[in-house]
Amino acid sequence: MLRSGNVPKANALHVDLNITHQKNCSVLVEFLRVNVTDPRTLLLNYSIVQIGEDPVGAHNGTGSLDPGITTIGTLFTPDPVLIVNTTFVLLTYVVNNDKVPIQVINKTFDVPRCLSASAKRDPHLTTFDGRHFGYQGLCWHTLVKDCRNVNPRFEVTGKFEPREMEGPELRSRTTQVNVRMDDHLISLTRDNHVLVNGRAVYTPKFRIDDDNIKVYRQADHVTFKLSEAELVLEWYGRDHSLYATLTSADYIGKVCGLLGNADGDARNDFTKRDGDITKDVVEFGESWRISELGC
Ligand SMILES: [Ca+2]
(Lines give C-alpha, C1' and ligand atoms only; values in the text may rest on other atoms or scores of the structure.)
Protein backbone atom coordinates (compact mmCIF):
# COMPACT_ATOMS: atom_id res chain seq x y z
CA MET A 1 0.00 0.00 0.00
CA LEU A 2 1.16 3.45 -0.80
CA ARG A 3 0.23 5.95 1.82
CA SER A 4 -0.14 9.65 1.36
CA GLY A 5 2.44 11.71 3.11
CA ASN A 6 -0.11 14.39 3.95
CA VAL A 7 -0.51 15.09 7.61
CA PRO A 8 -3.91 16.70 8.09
CA LYS A 9 -4.37 19.37 10.68
CA ALA A 10 -6.76 18.58 13.48
CA ASN A 11 -10.32 19.64 12.71
CA ALA A 12 -9.32 20.94 9.31
CA LEU A 13 -11.74 20.62 6.43
CA HIS A 14 -9.38 18.53 4.40
CA VAL A 15 -9.16 15.21 2.67
CA ASP A 16 -6.51 12.56 3.02
CA LEU A 17 -5.56 9.89 0.50
CA ASN A 18 -5.15 6.16 0.31
CA ILE A 19 -3.64 4.67 -2.84
CA THR A 20 -3.79 0.88 -3.21
CA HIS A 21 -3.40 -1.69 -5.93
CA GLN A 22 -6.42 -3.73 -6.90
CA LYS A 23 -7.29 -6.76 -8.99
CA ASN A 24 -5.90 -6.72 -12.53
CA CYS A 25 -3.26 -4.13 -11.59
CA SER A 26 -5.74 -1.28 -11.36
CA VAL A 27 -5.11 1.42 -8.81
CA LEU A 28 -7.68 2.68 -6.34
CA VAL A 29 -7.34 6.24 -5.13
CA GLU A 30 -9.52 6.91 -2.12
CA PHE A 31 -10.32 10.34 -0.76
CA LEU A 32 -10.98 10.33 2.97
CA ARG A 33 -12.75 13.11 4.77
CA VAL A 34 -10.63 14.20 7.73
CA ASN A 35 -13.24 15.95 9.84
CA VAL A 36 -16.37 13.82 9.67
CA THR A 37 -18.48 16.14 11.81
CA ASP A 38 -18.12 19.20 9.61
CA PRO A 39 -21.46 19.89 7.87
CA ARG A 40 -20.00 21.25 4.66
CA THR A 41 -19.72 19.41 1.37
CA LEU A 42 -16.27 18.95 -0.07
CA LEU A 43 -16.03 19.09 -3.84
CA LEU A 44 -13.10 17.41 -5.54
CA ASN A 45 -11.53 17.93 -8.92
CA TYR A 46 -8.71 15.58 -9.62
CA SER A 47 -6.35 14.67 -12.39
CA ILE A 48 -3.96 11.71 -12.45
CA VAL A 49 -1.16 12.00 -14.98
CA GLN A 50 1.95 10.01 -15.68
CA ILE A 51 5.36 11.58 -15.28
CA GLY A 52 7.57 10.78 -18.20
CA GLU A 53 8.76 11.76 -21.60
CA ASP A 54 5.75 10.54 -23.50
CA PRO A 55 2.48 12.28 -22.78
CA VAL A 56 -0.38 9.97 -21.84
CA GLY A 57 -4.03 10.64 -21.31
CA ALA A 58 -4.93 12.00 -17.94
CA HIS A 59 -7.47 10.31 -15.73
CA ASN A 60 -9.74 13.16 -14.69
CA GLY A 61 -12.72 13.17 -12.42
CA THR A 62 -14.87 14.97 -9.95
CA GLY A 63 -16.54 13.92 -6.75
CA SER A 64 -18.17 15.24 -3.65
CA LEU A 65 -17.86 14.28 -0.05
CA ASP A 66 -21.22 15.19 1.40
CA PRO A 67 -21.74 15.37 5.16
CA GLY A 68 -21.93 11.84 6.49
CA ILE A 69 -19.86 10.43 3.64
CA THR A 70 -16.30 9.84 4.72
CA THR A 71 -14.70 8.13 1.73
CA ILE A 72 -15.04 8.06 -2.03
CA GLY A 73 -12.77 6.29 -4.42
CA THR A 74 -11.77 6.34 -8.04
CA LEU A 75 -10.40 3.32 -9.82
CA PHE A 76 -8.14 3.64 -12.81
CA THR A 77 -6.21 1.11 -14.81
CA PRO A 78 -2.94 2.31 -16.26
CA ASP A 79 -1.99 1.04 -19.68
CA PRO A 80 -0.15 -2.23 -18.94
CA VAL A 81 2.58 -1.27 -21.41
CA LEU A 82 3.36 1.71 -19.27
CA ILE A 83 3.39 -0.05 -15.95
CA VAL A 84 7.11 -0.32 -15.47
CA ASN A 85 7.79 1.41 -12.21
CA THR A 86 5.83 4.37 -13.45
CA THR A 87 5.39 7.52 -11.47
CA PHE A 88 2.03 9.24 -11.47
CA VAL A 89 0.97 12.58 -10.13
CA LEU A 90 -2.39 13.03 -8.52
CA LEU A 91 -3.45 16.66 -8.53
CA THR A 92 -6.55 17.34 -6.52
CA TYR A 93 -8.34 20.58 -5.83
CA VAL A 94 -10.68 20.57 -2.90
CA VAL A 95 -13.24 23.32 -2.60
CA ASN A 96 -16.12 23.96 -0.25
CA ASN A 97 -19.71 24.85 -1.05
CA ASP A 98 -18.70 28.37 -1.97
CA LYS A 99 -16.28 26.96 -4.54
CA VAL A 100 -13.43 28.49 -2.60
CA PRO A 101 -10.28 26.40 -2.85
CA ILE A 102 -9.28 25.14 0.54
CA GLN A 103 -6.75 22.49 -0.33
CA VAL A 104 -4.54 21.42 -3.19
CA ILE A 105 -3.06 17.95 -3.04
CA ASN A 106 -0.15 17.45 -5.36
CA LYS A 107 0.83 13.90 -4.63
CA THR A 108 3.39 11.80 -6.48
CA PHE A 109 3.19 8.03 -6.27
CA ASP A 110 4.92 5.11 -7.95
CA VAL A 111 3.17 2.20 -9.59
CA PRO A 112 5.51 -0.80 -9.75
CA ARG A 113 5.52 -3.00 -12.80
CA CYS A 114 2.48 -5.20 -12.42
CA LEU A 115 1.19 -8.03 -14.59
CA SER A 116 -2.13 -9.80 -14.26
CA ALA A 117 -3.34 -13.20 -15.37
CA SER A 118 -6.49 -15.24 -14.95
CA ALA A 119 -7.91 -18.73 -15.16
CA LYS A 120 -11.66 -18.73 -15.35
CA ARG A 121 -14.55 -19.46 -17.58
CA ASP A 122 -14.18 -18.92 -21.30
CA PRO A 123 -11.91 -17.68 -22.67
CA HIS A 124 -10.57 -19.71 -19.81
CA LEU A 125 -7.01 -18.47 -19.46
CA THR A 126 -5.14 -15.22 -19.92
CA THR A 127 -1.40 -15.14 -19.34
CA PHE A 128 0.48 -12.44 -17.44
CA ASP A 129 1.53 -11.07 -20.83
CA GLY A 130 -2.05 -10.87 -22.05
CA ARG A 131 -2.38 -13.93 -24.30
CA HIS A 132 -5.94 -15.30 -24.24
CA PHE A 133 -6.55 -18.94 -24.96
CA GLY A 134 -9.07 -21.67 -24.40
CA TYR A 135 -7.69 -24.90 -23.04
CA GLN A 136 -10.16 -27.55 -22.01
CA GLY A 137 -7.77 -29.79 -20.11
CA LEU A 138 -8.71 -31.92 -17.14
CA CYS A 139 -7.06 -32.69 -13.80
CA TRP A 140 -4.29 -30.77 -12.03
CA HIS A 141 -2.10 -28.29 -13.90
CA THR A 142 0.64 -25.87 -12.95
CA LEU A 143 -0.74 -22.35 -13.27
CA VAL A 144 2.27 -20.37 -12.10
CA LYS A 145 5.42 -21.33 -10.26
CA ASP A 146 8.86 -20.04 -9.47
CA CYS A 147 11.09 -21.20 -12.31
CA ARG A 148 14.33 -19.59 -11.21
CA ASN A 149 15.82 -22.94 -10.29
CA VAL A 150 14.88 -26.58 -9.87
CA ASN A 151 13.58 -26.06 -6.35
CA PRO A 152 10.69 -23.61 -6.75
CA ARG A 153 9.89 -21.36 -3.82
CA PHE A 154 6.22 -21.58 -4.67
CA GLU A 155 3.85 -23.29 -7.06
CA VAL A 156 0.21 -22.55 -7.76
CA THR A 157 -1.78 -25.39 -9.28
CA GLY A 158 -5.35 -25.57 -10.50
CA LYS A 159 -7.75 -28.46 -10.76
CA PHE A 160 -9.78 -28.50 -13.97
CA GLU A 161 -13.00 -30.46 -14.05
CA PRO A 162 -15.61 -30.85 -16.78
CA ARG A 163 -18.52 -28.45 -16.75
CA GLU A 164 -22.04 -29.70 -17.06
CA MET A 165 -22.21 -30.82 -20.64
CA GLU A 166 -23.55 -28.19 -22.99
CA GLY A 167 -23.32 -30.01 -26.28
CA PRO A 168 -20.86 -32.56 -27.55
CA GLU A 169 -17.71 -30.59 -26.74
CA LEU A 170 -15.92 -31.09 -23.45
CA ARG A 171 -15.44 -27.83 -21.60
CA SER A 172 -13.61 -27.56 -18.31
CA ARG A 173 -13.37 -25.04 -15.51
CA THR A 174 -11.22 -24.48 -12.45
CA THR A 175 -12.65 -26.05 -9.31
CA GLN A 176 -9.80 -25.78 -6.82
CA VAL A 177 -6.51 -23.95 -6.46
CA ASN A 178 -3.57 -25.16 -4.40
CA VAL A 179 -0.58 -23.08 -3.37
CA ARG A 180 2.55 -24.84 -2.20
CA MET A 181 5.17 -22.80 -0.39
CA ASP A 182 7.91 -24.53 1.60
CA ASP A 183 6.09 -27.00 3.87
CA HIS A 184 2.73 -25.32 3.50
CA LEU A 185 -0.07 -26.43 1.23
CA ILE A 186 -2.96 -23.98 1.07
CA SER A 187 -6.07 -25.11 -0.77
CA LEU A 188 -8.82 -22.80 -1.98
CA THR A 189 -11.99 -24.78 -2.71
CA ARG A 190 -14.99 -24.13 -4.90
CA ASP A 191 -16.97 -23.10 -1.81
CA ASN A 192 -14.28 -20.54 -0.96
CA HIS A 193 -13.15 -22.68 1.96
CA VAL A 194 -9.47 -22.52 2.86
CA LEU A 195 -7.49 -25.58 3.93
CA VAL A 196 -3.98 -25.41 5.32
CA ASN A 197 -2.20 -28.74 5.05
CA GLY A 198 -5.59 -30.40 4.71
CA ARG A 199 -7.26 -28.75 7.72
CA ALA A 200 -10.02 -26.20 7.22
CA VAL A 201 -9.37 -22.72 8.60
CA TYR A 202 -12.46 -20.62 9.25
CA THR A 203 -11.00 -17.39 10.60
CA PRO A 204 -11.55 -14.54 8.14
CA LYS A 205 -7.92 -13.48 8.15
CA PHE A 206 -4.77 -15.37 8.98
CA ARG A 207 -1.03 -15.34 8.37
CA ILE A 208 1.51 -18.07 7.90
CA ASP A 209 5.28 -18.16 7.81
CA ASP A 210 6.11 -14.83 9.45
CA ASP A 211 3.61 -12.88 7.37
CA ASN A 212 4.97 -14.20 4.09
CA ILE A 213 1.56 -15.72 3.40
CA LYS A 214 -1.61 -13.81 4.14
CA VAL A 215 -5.10 -15.12 3.51
CA TYR A 216 -8.29 -13.06 3.69
CA ARG A 217 -11.70 -14.65 3.34
CA GLN A 218 -14.29 -12.25 1.99
CA ALA A 219 -17.95 -12.55 1.08
CA ASP A 220 -17.54 -14.07 -2.35
CA HIS A 221 -13.83 -14.68 -2.70
CA VAL A 222 -10.56 -15.45 -0.98
CA THR A 223 -7.51 -13.23 -1.32
CA PHE A 224 -4.13 -14.91 -1.01
CA LYS A 225 -0.95 -12.84 -0.80
CA LEU A 226 2.54 -14.20 -1.06
CA SER A 227 4.73 -11.33 0.08
CA GLU A 228 8.03 -12.71 -1.11
CA ALA A 229 6.92 -12.88 -4.74
CA GLU A 230 4.45 -10.00 -4.45
CA LEU A 231 1.98 -12.45 -5.90
CA VAL A 232 -1.69 -11.87 -5.18
CA LEU A 233 -4.36 -14.44 -5.97
CA GLU A 234 -8.05 -13.70 -5.84
CA TRP A 235 -10.17 -16.82 -5.97
CA TYR A 236 -13.89 -16.66 -6.69
CA GLY A 237 -14.65 -20.32 -6.09
CA ARG A 238 -18.31 -20.32 -7.00
CA ASP A 239 -17.49 -18.45 -10.18
CA HIS A 240 -14.53 -20.76 -10.93
CA SER A 241 -12.37 -17.69 -11.46
CA LEU A 242 -8.82 -17.03 -10.36
CA TYR A 243 -7.08 -13.70 -10.86
CA ALA A 244 -3.34 -13.35 -10.27
CA THR A 245 -1.13 -10.28 -10.14
CA LEU A 246 2.65 -10.28 -9.93
CA THR A 247 4.79 -7.25 -9.17
CA SER A 248 8.11 -8.49 -7.78
CA ALA A 249 11.05 -7.70 -10.04
CA ASP A 250 12.66 -10.89 -8.75
CA TYR A 251 10.00 -12.99 -10.46
CA ILE A 252 9.08 -10.97 -13.53
CA GLY A 253 10.12 -13.18 -16.45
CA LYS A 254 11.10 -15.98 -14.08
CA VAL A 255 7.85 -17.82 -13.56
CA CYS A 256 6.35 -20.56 -15.70
CA GLY A 257 3.16 -22.53 -16.15
CA LEU A 258 -0.12 -22.05 -17.96
CA LEU A 259 -0.14 -18.36 -17.05
CA GLY A 260 3.14 -17.79 -18.88
CA ASN A 261 6.50 -16.37 -17.93
CA ALA A 262 5.51 -12.73 -17.28
CA ASP A 263 8.37 -11.23 -19.26
CA GLY A 264 6.18 -8.78 -21.17
CA ASP A 265 6.29 -10.77 -24.43
CA ALA A 266 3.12 -12.73 -25.25
CA ARG A 267 4.76 -14.56 -28.16
CA ASN A 268 6.75 -16.91 -25.93
CA ASP A 269 3.93 -17.71 -23.54
CA PHE A 270 3.33 -21.21 -24.87
CA THR A 271 6.58 -22.40 -23.34
CA LYS A 272 6.20 -26.01 -22.30
CA ARG A 273 7.50 -27.62 -19.15
CA ASP A 274 10.58 -28.82 -21.03
CA GLY A 275 11.39 -25.26 -22.14
CA ASP A 276 10.39 -25.68 -25.80
CA ILE A 277 7.93 -23.22 -27.30
CA THR A 278 4.94 -24.58 -29.20
CA LYS A 279 2.07 -23.11 -31.15
CA ASP A 280 -0.27 -25.95 -30.19
CA VAL A 281 -2.45 -25.07 -27.23
CA VAL A 282 -3.16 -28.69 -26.31
CA GLU A 283 0.51 -29.62 -26.45
CA PHE A 284 1.31 -26.59 -24.29
CA GLY A 285 -1.48 -27.29 -21.82
CA GLU A 286 -0.76 -30.99 -21.50
CA SER A 287 2.90 -30.28 -20.75
CA TRP A 288 1.80 -28.51 -17.57
CA ARG A 289 -0.53 -31.27 -16.41
CA ILE A 290 0.72 -32.87 -13.21
CA SER A 291 0.23 -36.50 -14.03
CA GLU A 292 1.29 -37.81 -10.62
CA LEU A 293 -1.57 -35.99 -8.90
CA GLY A 294 -4.32 -37.83 -10.78
CA CYS A 295 -7.71 -36.19 -11.00
CA1 LIG B 1 5.92 -14.11 -22.12
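Predicted model: local features only at pLDDT ≥ 70, side-chain atom pairs only at ≥ 80, totals over all residues.

Q: How many helices and strands are in the protein?
A: The protein has 1 helix and 23 strands. As for burial, 30% of its 295 residues count as buried. Among contacts between residues at least 6 apart in sequence, 51% join residues at least 24 apart.

Q: In what order do the 8 strands of the open sheet lie?
A: The order is 11-10-9-22-21-20-19-18, and the pairing is antiparallel. Strand 11 (132–133) and strand 18 (205–208) each have a single partner strand, so one side of each is left without a neighbour in the sheet. Within this sheet, strand 9 (residues 115–119) and strand 10 (residues 125–126) pair in the antiparallel sense over 2 bridges. Ser118 has Thr126 of strand 10 as its bridge partner.

Q: Which strands stand at the edges of the open sheet of 7 strands?
A: The order of that sheet is 17-16-15-14-13-12-23, again with antiparallel pairing. Its edge strands are strand 17 (199–201) and strand 23 (255–256), each of which pairs on one side only. Further in, 3 bridges join strand 15 (residues 184–188) to strand 16 (residues 194–196), and the two run antiparallel. Here Ile186 stands opposite Val196 in strand 16.

Q: How are the two faces of a strand read, and which residues of strand 3 lie on the covered face?
A: In a regular strand the side chains alternate between the two faces of the sheet. In strand 3 (residues 27–33), the covered face carries Val27, Val29, Phe31 and Arg33, while the uncovered face carries Leu28, Glu30 and Leu32. Strand 3 pairs in the antiparallel sense with strand 2 (residues 15–21) over 7 bridges, and with strand 6 (residues 71–76) over 6 bridges. The bridge partner of Asn18 is Glu30 in strand 3, whereas Val29 stands opposite Thr74 in strand 6.

Q: Why does Thr142 count as buried?
A: A residue is buried if 20 or more other C-beta atoms lie within 10 Å of its own. Thr142 has 21 C-beta neighbours inside 10 Å, and therefore counts as buried. Thr142 lies in strand 12 (residues 139–146). Leaving aside residues up to four places away in sequence, Thr142 touches Glu155, Thr157, Gly257, Leu258, Trp288 and Ile290. Thr142 and Trp288 are 146 residues apart in sequence, yet 5.5 Å apart in space, C-alpha to C-alpha.

Q: How is a nonpolar core read, and which residues have the most contacts inside the largest one?
A: In soluble globular proteins, nonpolar side chains tend to be buried together. The largest nonpolar core here has 46 residues, and those with the most contacts inside it are Phe224, Leu233, Ala244 and Leu246. This core draws at least three residues from each of domain 1 (2–111) and domain 2 (115–293).

Q: Which residues does Phe224 touch, not counting residues up to four places away in sequence?
A: Phe224 touches Val179, Ile186, Leu188, Val215, Leu233 and Trp235. One of these, Ile186, is the residue that stands opposite Val196 in strand 16.

Key
Residues numbered from 1 in each chain as written. Helix = DSSP H or I, 4+ residues; strand = E, 2+ residues; numbered from the N terminus. Buried ≥ 20, exposed ≤ 12 C-beta atoms within 10 Å, placed from the backbone. Contact = placed C-beta atoms within 7 Å. Pairing = 2+ DSSP bridges. Core = buried A, V, L, I, M, F, W, Y, C linked by C-beta atoms within 7 Å. Domains from an automatic or database assignment.
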